[in-house]
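Please prepare a short briefing on the structure shown below.

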Amino acid sequence: MLNRRHFLKNSLVLSAWAGLVPAPWAWADDEPLLFSAVDNAEGKHCLAGVTLRGELAFMTDVPERCHGGTRRPGRREVVMFARRPGRLLHVLDIDAGSTRLSIEAGEDRHFYGHGVFSPDGRYLYASANRFENTEGIIQVFDAARDYALVKELPLDGIGPHELRLHPDGDTLIVALGGIETHPDYGRAKLNLDSMAPALLLMDRHSGKILARHEPSHHQLSCRHLDVGPDGTVIAGYQFQGPEWVTPPLIAQLDGQTSEFKELALPEPLTTSLKQYIASVAISGNGRHAAITAPRGARVLLLETHTGKLLRELALEDAAGVVAEGENDFLVSSGRGGLYRLNSTSSTPERLTRLPVHWDNHLTLA
């Protein structure tokens with residue numbers, strides 16, 4: 001493992017290689033870092049860590065494009081996942097600023113770019129595809145045994161994407177996209193006429209499906225979500241149907257009543273989002289949700305429990321979003337910008353602009 005002095009020295013070299021302006025390169029051991037998959041100025045796929053002051057802490061190459069990440073509770077580790085049809089997850093050592101190990105999805109498997117830990121940090125749950133029979137699965141890895149694969153939980157569906165752990169600590173909330181893919185065909189969507197997306201609740205111990213909530217249209221691919229402290233879920237869709245159709249793109253699962261409904265936005269706004277939601281985050285106090293729509297160059301702020309639209313903010317290529325504290329959000333742009341957004345803000349505050357293309361998800365650790 002690199003010590004801090006060598007790490008900072010190497011970081012400066014990496015910064016110069018990447019064409020970045022060096023930052024002060026000093027942060028406290030307990031200072032949070034923001035993690036994301038990025039493409040650098042040369043188009044190489046990388047994983048990056050950034051301070052909340054907007055300073056690049058490290059950037060390391062990876063062989064395939066990555067997507068989302070998750071923090072391991074109780075340890076200074078973050079796991080980042082390849083996006084479909086990628087086959088690797090990467091365990092990052094925060095202190096070393098490097099990849100500790102990389103794990104393959106296994107024969108005839110690929111990842112979908114997301115995962116979540118058990119509350120004690122022991123088990124990692126990752127969305128994956130068993131592509132010989134197009135079966136969506138959750139792979140379970142034992143982090144205490146260098147992320148050995150211990151079991152697979154079938155989902156009775158195709159294309160699981162983002163997943164979160166319910167506040168009860170026992171229930172996985174899974175966005176089932178419904179889209180069939182195969183590595184031989186890259187990112188081609190092979191079953192648009194027969195899609196069956198859903199929002200699933202699964203017992204993480206037994207794998208039993210506890211609830212299945214289906215969108216109003218079979219081509220509304222349920223892709224991204226977040227869950228509040230009371231169990232309320234906000235989910236985002238990506239519509240795979242004709243471009244002239246404007247279905248709802250946001251759904252809510254009430255944490256108290258278990259009522260599932262889709263949220264109506266003003267028609268001009270729905271049209272402007274161009275059928276695509278990228279990332280969802282619920283504030284620490286559970287009151288607000290921030291939602292990015294890169295094709296529509298928008299960030300939406302909603303009241304979590306009522307679904308009421310509070311405001312829409314213009315942001316070119318709005319990408320990832322993550323909650324910071326009780327009321328704030330951090331938002332990235334594919335154009336390289338990183339912004340802070342308060343629940344009551346009318347405009348995002350830009351923290352930095354780096355010569356990278358941020359992917360659509362942020363992880364705070």
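**Aromatic pairs, a sheet and a buried leucine**

Phe117 and Tyr147 are both buried, where buried means under 20% relative accessible area, exposed over 50% and partly exposed in between, with a 1.4 Å probe and protein chains only. The model is predicted: local features need pLDDT of at least 70, side-chain atom pairs count only at pLDDT 80 or more, and totals for chains, interfaces and linings use all residues. Residues are numbered from 1 along each chain as its sequence is written, and side-chain values use heavy atoms, with hydrogens and water left out.

**Aromatic rings**

- Rings of Phe, Tyr and Trp (its six-membered ring) pair if their centres lie within 6.5 Å; planes under 30 degrees apart count as stacked, over 60 as edge-to-face and the rest as tilted.
- By this rule there are four aromatic pairs.
- One of them joins Phe35 and Phe58, a tilted pair with 5.8 Å from centre to centre and 55° between the planes.
- Phe35 belongs to strand β1 (residues 33-39) and Phe58 to strand β3 (residues 56-61), so this pair ties together parts that are 23 residues apart in sequence.
- Strands (E, at least two residues) and helices (H or I, at least four) are DSSP runs, numbered from the N terminus.
- Phe35 is buried at 1% relative accessibility, and Phe58 is buried at 3%.
- The pair of Phe117 and Tyr147 is edge-to-face because the ring centres are 6.3 Å apart and the planes stand at 70°.
- Phe117 lies in strand β8 (residues 109-117) and Tyr147 in the loop between β10 (135-142) and β11 (148-154), 30 residues apart.
- Phe81, Phe111 and Phe141 are linked into a cluster by ring pairs.

**An open sheet**

- Four strands, in the order β24-β25-β26-β27, form an open sheet with antiparallel pairing; two strands pair if DSSP finds at least two bridges between them.
- The edge strands, β24 (318-324) and β27 (349-353), each pair on one side only.
- Strand β25 (residues 328-333) pairs with strand β26 (residues 337-342) in the antiparallel sense over five bridges.
- Asp328 stands opposite Asn342 in β26.

- Leu273 is located in the loop between α2 (267-272) and β20 (279-282).
- Leu273 has a relative accessible area of 0% and is therefore buried.
- Apart from neighbours within four places in sequence, Leu273 is in contact (heavy atoms within 4.5 Å) with Leu249, Leu265, Ala293, Arg295, Gly296, Arg298 and Leu300.
- Leu273 and Pro294 are 21 residues apart in sequence and 7.9 Å apart in space, from C-alpha to C-alpha.
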